[in-house]
Amino acid sequence: MPSSTVLAGLAFMFSASILLQILACAIYNNWWPMLSALMYVLVPMPCLFFGGGSTQFLISRDGGGWIDAAKFLTGASAVGSLAIPIILRHANMIETGAMFIEFTSFFIFVCTVMCFHRASLEDDW
């Protein structure tokens, strides 16, 4: 099991990502950027449903129909996390600053997921 400092660091990174998500909405008094938070919920779902709750399937070359579908859905939801703020900015529904705060939030979220994946590989829960 990962050490408590690793878990505390992951919790801090995840909290910072969510804080930036909320700040992107609150600073500009526009709650449309919160739409991309829906994608944060969808990103781990293929891993939970098709990967058995493990992130190991993402780096394996083994597969089948369900594993390939899980990889595709994970990638599609990750791309959607970036695409939603871009589309909202293009439609002039959010400000440019909110879009960049959303990108920063996404970057921190991805770093959190990658650190979790590495910690789970090293400790082999």
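**Aromatic pairs**

Student: Is Tyr40 buried or exposed?

Tutor: Tyr40 is buried, at a relative accessible area of 8%. Buried means under 20% relative accessible area, exposed over 50%, and partly exposed in between, with a 1.4 Å probe and protein chains only. This is a predicted model in which local features need pLDDT of at least 70 and side-chain atom pairs count only at pLDDT 80 or more, while totals for chains, interfaces and linings use all residues. Residues are numbered from 1 along each chain as its sequence is written, and side-chain values use heavy atoms, with hydrogens and water left out.

Student: How many aromatic pairs does the structure hold?

Tutor: It holds three. Rings of Phe, Tyr and Trp (its six-membered ring) pair if their centres lie within 6.5 Å; planes under 30 degrees apart count as stacked, over 60 as edge-to-face and the rest as tilted.

Student: Why is the pair of Tyr40 and Phe109 called stacked?

Tutor: The ring planes of Tyr40 and Phe109 meet at 15° and the ring centres are 4.5 Å apart, so this pair is stacked. It links distant parts of the chain, with Tyr40 in helix H2 (residues 37-42) and Phe109 in helix H5 (residues 96-123), 69 residues apart. Helices (H or I, at least four residues) and strands (E, at least two) are DSSP runs, numbered from the N terminus. Phe109 is buried, with a relative accessible area of 8%.

Student: And which residues do ring pairs link into a cluster?

Tutor: Phe14, Tyr40 and Phe109 are linked in that way.

Student: What about Phe100 and Phe103?

Tutor: They form an edge-to-face aromatic pair, 6.1 Å from centre to centre, with 70° between the planes. Phe100 and Phe103 are three residues apart in helix H5 and thus separated by about one helical turn. An α-helix has 3.6 residues a turn, so residues three or four places apart point the same way. Phe100 is partly exposed at 47% relative accessible area, and Phe103 is partly exposed at 22%.

Student: A new topic, then. Where is Gln21 placed, and what does its side chain reach?

Tutor: Gln21 belongs to helix H1 (residues 4-27) and is buried, at 1% relative accessibility. Its side chain reaches the backbone oxygen of Pro33 at 3.0 Å.

Student: Which residues is Gln21 in contact with, leaving aside neighbours within four places in sequence?

Tutor: Among them are Met34, Ser36, Tyr40, Glu102 and Ser105. Contact means heavy atoms within 4.5 Å.

Student: Ser36 is on that list. What joins the side chains of Ser36 and Glu102?

Tutor: A polar contact of 2.5 Å joins them. A polar contact is a pair of N or O atoms within 3.5 Å; within protein, one must be able to donate a hydrogen and the other to accept it, and residues adjacent in sequence count only if both atoms are side-chain atoms. Ser36 and Glu102 are 66 residues apart in sequence, and their C-alpha atoms are 8.2 Å apart in space. Ser36 is found in the loop between H1 and H2 and is buried, with a relative accessible area of 1%.

Student: What is the phi of Asn29?

Tutor: Asn29 has a positive phi of about 50° although it is not a glycine. Asn29 follows H1 and is exposed, at 67% relative accessibility. Asn92, also not a glycine, has a positive phi near 60°. Asn92 lies in the loop between helix H4 (65-90) and H5 and is exposed at 60% relative accessibility.

Student: Now the whole chain. How many helices and strands are there?

Tutor: There are five helices and zero strands. Buried residues make up 31% of the 125 residues.

Student: Where is confidence lowest, and where is it highest?

Tutor: It is lowest in helix H3 (residues 45-50), at a mean of 79, and highest in H1, at 92. The chain averages a pLDDT of 85, and 87% of the residues score at least 70. pLDDT is the predictor's confidence in each residue, from 0 to 100.
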